[in-house]
Amino acid sequence: MAITSTQLKSWGKIAIKLGVASTVATIIVKFLNLGFPLPAAIVPLLVLGQTRGTTVQSSLTRIKGTAIGIIVGVIVHITLGYAGLGSSTLALFVALATTVFLCHWVGLPGIKGSAGYIAAITMIFSSQGEPLEFAGKQFVALSIGIVVTMLVDEWLWPPRATKTLRHEASQMLSNLGKLYQLVFEGYTTGTYRGAAIADINNNIVGSIRRSELLWQDVVSENPQALWFASTWESLIHRIWDQVKAMDQVALTGYETDTIWKEMNPELNQLAEASYQGFRQLAEVSLRKYTEPDLPMLNLDPELSAAITKFEQVQTQIHHYPLVEQRRFYSFFYNMEEIAIHLKQISGVLWR
């Protein structure tokens, strides 16, 4: 797979960040004679995120998991130690099972991995006489790793949520355009590519979920983005819903429906203009524009021509089955709404 210069630069920065954070944290732990340095060495790999907010959230999760794991590990170690089983396999089983159960019980199933890990090393590496000291050192070592990671993340190429979100938005718009094109071609050519449509839908779901995690950071960087966040998400979800509605029509009628042929040129022109609109918006979203310089989509000629032709066709299709007429109306009205919403997005995109 070919690697672009942008990817090489991005991956290189992340690799250097992680290397610096892990090395510095390990050196500090060894200098302070805190014993086993593994938590400090690996925690940067576990908590460093794409933005400041995701790094902080991952760090808090890791601290909660570590606290639970240490508490359970020490209690089990001491309790079973009276029976001479403090470092046994049975003790390890009890500690891990208790830790996982406790994480679910307190409503934090997402931290069971970090909690189980720290419980395990507490049981395995601590001696019967000093479990509290070992656990305390491990907690301090992990905390050092987290603090160093956050400092390196802030000092060395600090992440900017807005920049990351631009890339997610670009990818989302690009995928929506591809989905739109596949659905339109499926309906009008009689070849429905269900697997490709499903894959792109999954990609869009992933982009939406990642974007939702970024908005909080974006608003913290720029409080004025709060209005834009709600507008952007509303328009994106509407467009996606409308493309999915077109997809349902295509899936149901791609083998039988032919009404679309009555306005084939106008329909194809509107579809091509809309698809190019998705592509243009995907490119625009990667760059910041001032309001006077913001590129505006102009879909009016294709949209007006399609609406005019549609009104003419409405009076000529009574001989088609009623169910096919309803499908065609739904398909066209959603195409019309998508074109309108694309124009609206171009009016607010990344001001």
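Start inside: the second largest cavity holds about 40 Å³ of space. A cavity here is a set of points, on a 1 Å grid over the protein atoms alone, where a 1.4 Å probe fits but cannot get out, and lining residues have an atom within 4 Å of a point. Grid points are joined across faces, edges and corners, and the volume is the space filled by probe spheres set on the points. The structure holds 2 cavities of 30 Å³ or more.

Before you click on, some ground rules: this is a predicted model, with local features needing pLDDT of at least 70 and side-chain atom pairs counting only at pLDDT 80 or more, while totals for chains, interfaces and linings use all residues. Numbering runs from 1 along each chain as its sequence is written, and side-chain values use heavy atoms, with hydrogens and water left out.

**Stop 1**

Select Pro39, Ile42, Val43, Leu46, Arg62, Thr66, Ser114, Tyr117 and Leu142 to show the lining of the second largest cavity. Helix H2 (38-47), helix H3 (52-81) and helix H5 (112-125) are the elements that give two or more residues to that lining; helices are DSSP runs (H or I, at least four residues), and strands are E runs of at least two, numbered from the N terminus. H2 gives the most, with 4 residues. Color by residue type and the lining divides into 6 nonpolar, 2 polar and 1 charged. In this scheme Ala, Val, Leu, Ile, Met, Phe, Trp, Tyr, Cys and Pro are nonpolar, Asp, Glu, Lys and Arg are charged, and the others, Gly among them, are polar.

**Stop 1: valine 76**

Stay on helix H3 and pick valine 76. Valine 76 counts as buried because its relative accessibility is 9% (buried means under 20% relative accessible area, exposed over 50%, partly exposed in between, with a 1.4 Å probe and protein chains only). Now show what surrounds valine 76: leaving aside neighbours within four places in sequence, valine 76 is in contact with Gly81, Ala91, Val94, Ala95 and Met123 (contact means heavy atoms within 4.5 Å).

**Stop 2: serine 170**

Jump to helix H7 (residues 161-189) and select serine 170.

**Stop 3: aspartate 257**

Next, go to the loop between helix H9 (225-253) and helix H10 (264-284), where you'll find aspartate 257. Is aspartate 257 buried or exposed? Aspartate 257 is buried, with a relative accessible area of 4%. Show side chains: a polar contact of 3.4 Å joins those of aspartate 257 and tyrosine 187, and another of 3.2 Å joins those of aspartate 257 and threonine 256. (A polar contact is a pair of N or O atoms within 3.5 Å; within protein, one must be able to donate a hydrogen and the other to accept it, and residues adjacent in sequence count only if both atoms are side-chain atoms.) Setting aside neighbours within four places in sequence, the contacts of aspartate 257 are Tyr187, Glu324 and Arg327.

**Last stop: zoom out**

Switch to cartoon: the protein chain has 12 helices and 0 strands. Of its 351 residues, 45% count as buried.

Technical notes: 1 Å grid on protein atoms, 1.4 Å probe; cavity = no way out; pocket = protein on both sides within 12 Å on 5 of 7 lines; lining within 4 Å.
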